[in-house]
Each structure stands twice: as structure tokens, then as C-alpha cells.
Amino acid sequence: MAYVLLAVRGFIIVGLVSWQTMNLQRGSAVRIAIGSFGIGLAWYSNVLATIADVPYGWFAYSIGSMLGALVGWKVHQWV
């Protein structure tokens with residue numbers, strides 16, 4: 001069962017990153033925000049293996065991921 005869960009995690013992460021790459025190319029701020037939040041949420045479940053569980057930490061991590069993607073997108077537009 002552990003192998004199935006690992007495969008599902010890999011599927012979700014790579015699927016979201018692939019979708020996010022398309023969003024960044026097309027330049028939709030809403031889709032970039034949703035995609036990066038989703039990646040942050042999925043990634044946070046992996047991070048829990050190495051850090052202490054923080055109440056609502058998933059939300060802070062996902063918001064940071066979302067803001068990082070949006071800022072990176074805007075910086076890329078300026079350069």
C-alpha cells in the first residue's frame with residue numbers, strides 16, 4: 001500500500017507542476033495562483049515527514065507558494 005501512496009503523490013505533484021507550467025506560459029494570474037496553491041498544498045504533505053506539524057501550516061506554506069509563483073511570473077514579465 002505504501003508504494004501505491006507514493007505513486008499517487010508523484011502523480012499529483014508532477015501533474016500539478018505540468019499544469020502550472022502551462023499556466024505560466026499562458027499568463028493567467030488566477031490559474032497561476034490556483035496551481036501554485038495546489039502545488040504548495042501537495043508538497044506540504046511531503047514536507048511533514050521532515051518538520052514538526054504546525055496547526056494550519058499547510059495554509060501558510062501554500063500561500064507562500066502561491067505568492068512566490070505570482071511574483072516570479074511578474075518579475076519574468078519585467079525582465
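M1 is exposed, with a relative accessible area of 72%. Exposed here means over 50% relative accessible area, buried means under 20%, and partly exposed lies in between (1.4 Å probe, protein chains only). M1 sits in the segment before helix 1 (2-26).

This is a predicted model, in which local features need pLDDT of at least 70 and side-chain atom pairs count only at pLDDT 80 or more, while totals for chains, interfaces and linings use all residues. Residues are numbered from 1 along each chain as its sequence is written, and side-chain values use heavy atoms, with hydrogens and water left out.

Now the overall layout. The chain has three helices and zero strands. Read from the N terminus, its elements run α-α-α. Helices (H or I, at least four residues) and strands (E, at least two) are DSSP runs, numbered from the N terminus. The chain has 79 residues, and 23% of them count as buried.

Return to M1. Together with V4, L5, V8, F11 and I12, M1 forms a nonpolar patch on the surface. The accessible area of this patch is about 650 Å² in total. Such areas come from the Shrake-Rupley method with a 1.4 Å probe, and for residues only the protein chains shown count as cover. Patch residues have over 30% relative accessible area and no salt bridge; like charges are joined within 9 Å, nonpolar side chains (Val, Leu, Ile, Met, Phe, Trp, Tyr) within 5 Å. A salt bridge is a side-chain nitrogen of Lys or Arg within 4 Å of a carboxyl oxygen of Asp or Glu.

Helix 1 also holds R9. R9 is partly exposed, at 37% relative accessible area. Its C-alpha atom lies 9.0 Å from that of S45, 36 residues apart along the chain.

Next comes a helix pair. Helix 2 (residues 29-47) and helix 3 (residues 57-78) pack at an angle of about 140 degrees, with their axes 7 Å apart. Axes are lines fitted to C-alpha atoms, for helices over the stretch in contact, and angles run from 0 to 180 degrees between N-to-C directions. Helix 2 and helix 3 are therefore oblique to each other. Angles under 35 degrees count as roughly parallel, over 145 as roughly antiparallel, 65 to 115 as roughly perpendicular and the rest as oblique.

Two residues complete the tour. A29 is in helix 2 and is partly exposed, at 34%. The C-alpha atoms of A29 and L70 are separated by 7.0 Å, across 41 residues of chain. W58 belongs to helix 3 and is partly exposed, at 35%. The C-alpha atoms of W58 and A42 are 8.9 Å apart.
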